[in-house]
Amino acid sequence: MIKCVNCNAKFDDNEVIYTCKNCGSVLEVVVDIDKSDVPRDTFDCRRDVLWKYKEFMPVDETNIVSIDEGGTPFCKCNKIGEELGIDLYVKVEGSNPTGSFKDRGMSVGMTKAMELGVDTVGCASTGNTSASLAAYSARAGLRCVVLLPSGKVALGKLAQAMFHGADVFSVNGNFDEALETVTALALEKHLYLLNSINPYRLEGQKSIGFEIVHELGWKSPDRIVLPVGNAGNISAIWKGITEFYNAGYMDNLPMMTGIQAEGSSPITNAFRKKSMDMVPVENPETIATAIRIGAPVSSIKALRAIYDSDGYSDTVTDEEILSAQLELARKEGIGVEPASAASIAGLKKLVDNGVVDKGEQVVCIVTGHLLKDPNTAINASIEPTEIDADIDALKKALFNK
Ligand code: F0G
C-alpha cells in the first residue's frame, strides 16, 4: 500500500502515482514487519547485497533488476575520529556499481518499473541519479531519458549517462527546473519517473540504514550525518531504521543530521526556524554540484526525520567541503566527491560548536566516489613532476641530491 505522508490517503501499490491525489503531498510505501514474522537472523547467511533484506522490499521478487548494489564498506576512521574525540565510522557509498548510493534506489525502482511493465524511464539529475538510471535501464532493457542542468554536472557522471546509452538532454536551467519539466512528461504518462519523489526509490535507499544497524550488532549509532540535496536519502535512511526499530530488532534510534551547502540550504533554513515549511532557494549555488538544489521534493519527510529523531541540520561552506574532502582522502584513504564530504565538514563544525558531544558514535555517509568529479580533484592537487626515465633524475627529484 502507498500512503500520503500528510493526509494519510491510501493508494494501491500498482497505481502509477508520484504525489497524493487528495492534497498533493509526497507518498511513502507502507512496510510493516514484525520480528515474529521475520527474525533478524534471517539475514545473516545471505550475500552482502541490498536484496539480503528482501522481505522489507515491497516489490515482486521475480522481476529483480540488480547489479549487486549495497553491502558497501563501513570503515572505522580512527585518525579523524580521535582528533574530533568521537567514535567515527564512514559508510562508503561510492563503492556501489555506478559509484553512488543511487544504485540502491534504482535497483528497487527499476524492479517496480518492470513489475508495472513500462518501456521508458526518466529522471532529472545533478548527475548521479542519471548515471545510475542509465546503467540500470540498460540492464533492464528499457529506454532511458535524462535531463541535466547544463554545465553543472561533473564529468564522470556525464560520461556514465552517455555511455550507458541514455537519451541525454542538457537543460538551460537548474536541477529544480529540469525536474519540473521531466515530471510534466511523466504525468502525461510518456515515461516512468525515477527521481526520489517516486517512493520506491527510497525503499532501496533505506537499506543504508539496515546495513549500519546490522554492522553495529543490531544497535543504532548515536548519530548519522549525511549531505542533503533533494532530501530523499535522509528520509529513506530514517524510514529504514524506524522499520527495524518497529520490527523489534533494536531498541535505540539515531539523531538524523542533515548537512547542506551554504548556497543551497532550504532544509537548514527551515530547521533554524523550527518550521516544517521549506522556502525554496531561487538560485542555488555550490561547488558540490550534486546537492545544488533549491526546492527539495522530500522536504516534509526530511524535516520530520530531523525533528522526530532529535537531530540537527547545518550548513557548510564550499571551502569547508573541499578541505574535508582532502582530509578524508589524505588521512583515511577514502576518496569521495565534494557533496559527500559535506557530511565530514558538517561533523567537524558540529563538534566545534558543541552540538555533537565528545564520545558520540557517529556514522557519516559519504555518498559518491572521488572519480565522479575528476576536475575538482585535479584542481586541488599538485601537478605530476615530469622527469626522464632515469634513476638519478628520480633521486634528484625525490631527495634533491
Ligand atoms: N550526495 C550525492 C553524491 C548526490 O548525488 C546527492 C543527490 C546527494 C548527496 C543528496 O541526496 O538528494 O537524496 O538529499 N543527487 C541527486 C542526483 C539529486 O540527481 O544525482 P538527496
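Reader: How far is an oxygen atom of the ligand from an N or O atom in the side chain of Ser 125?
Author: The distance is 2.7 Å. Keep in mind that this is a predicted model.

Reader: And what about the side chain of Asn 128?
Author: There, a ligand oxygen lies 2.8 Å from a side-chain N or O atom.

Reader: What does the backbone of Ala 231 do?
Author: A polar backbone atom of Ala 231 is 2.8 Å from an oxygen of the ligand.

Reader: Is the ligand buried or exposed?
Author: Buried. On its own the ligand exposes 470 Å², and the protein buries 99% of that.

Reader: How many residues surround the ligand, and which are closest?
Author: The count is 20. Ser 125, Thr 129, Asn 230, Ala 231 and Thr 367 are the closest.

Reader: Which helices supply at least two residues of that shell?
Author: Helix H3, residues 128–140, and helix H8, residues 232–247.

Reader: How does the shell split by class?
Author: Ten residues are polar, eight are nonpolar and two are charged.

Reader: Where does the ligand sit?
Author: In the largest cavity.

Reader: OK, cavities then. How many of 30 Å³ or more are there?
Author: The structure has two. The largest has a volume of about 310 Å³.

Reader: What lines the largest cavity?
Author: A set of 25 residues. Phe 101, Lys 102, Gly 229, Asn 230 and Ala 290 lie nearest the centre. H3, H6 and H8 are the elements that give two or more residues to this lining.

Reader: And the classes in that lining?
Author: Twelve polar, ten nonpolar and three charged.

Reader: What about the second largest cavity, how much space is in there?
Author: About 50 Å³. Its lining includes Ile 2, Asp 13, Lys 112 and Tyr 200. Helix H2, residues 102–116, and H6 each give two or more residues to the lining of this second cavity.

Reader: How do the residues of that lining divide?
Author: Seven nonpolar, three charged and one polar.

Reader: Switching to pockets. How much space lies in the largest one?
Author: About 480 Å³.

Reader: Which residues lie nearest its centre?
Author: Val 5, Glu 28, Trp 238, Lys 239 and Thr 242, out of 26 lining residues.

Reader: Which element gives the largest share of that lining?
Author: H8, with eight residues. So far H8 has come up in the ligand shell, in the lining of the largest cavity and now in the lining of the largest pocket.

Reader: Which elements supply at least two residues of the pocket lining?
Author: Strand S3 at 27–29, helix H6 at 199–205, H8, and helix H10 at 299–308.

Reader: Last one: what is the volume of the second largest pocket?
Author: About 250 Å³. It is lined by 13 residues. Nearest the centre are Asp 176, Glu 177, Leu 179, Glu 180 and Ala 295.

Reader: How do the residues of that lining divide?
Author: Six are nonpolar, four are charged and three are polar.

Conventions. Residues numbered from 1 in each chain as written. Predicted model: local features only at pLDDT ≥ 70, side-chain atom pairs only at ≥ 80, totals over all residues. Heavy atoms only, no water. Near = heavy atom within 4 Å. Polar contact = N/O pair within 3.5 Å; in protein donor to acceptor, adjacent residues only side chain to side chain. Areas by Shrake-Rupley, 256 points an atom, 1.4 Å probe, with all protein chains shown as cover. 1 Å grid on protein atoms, 1.4 Å probe; cavity = no way out; pocket = protein on both sides within 12 Å on 5 of 7 lines; lining within 4 Å. Sits in = over half its atoms within 2 Å of the grid points. Helix = DSSP H or I, 4+ residues; strand = E, 2+ residues; numbered from the N terminus. Nonpolar A, V, L, I, M, F, W, Y, C, P; charged D, E, K, R; others polar. Points joined across faces, edges and corners; volume = space filled by probe spheres on them.
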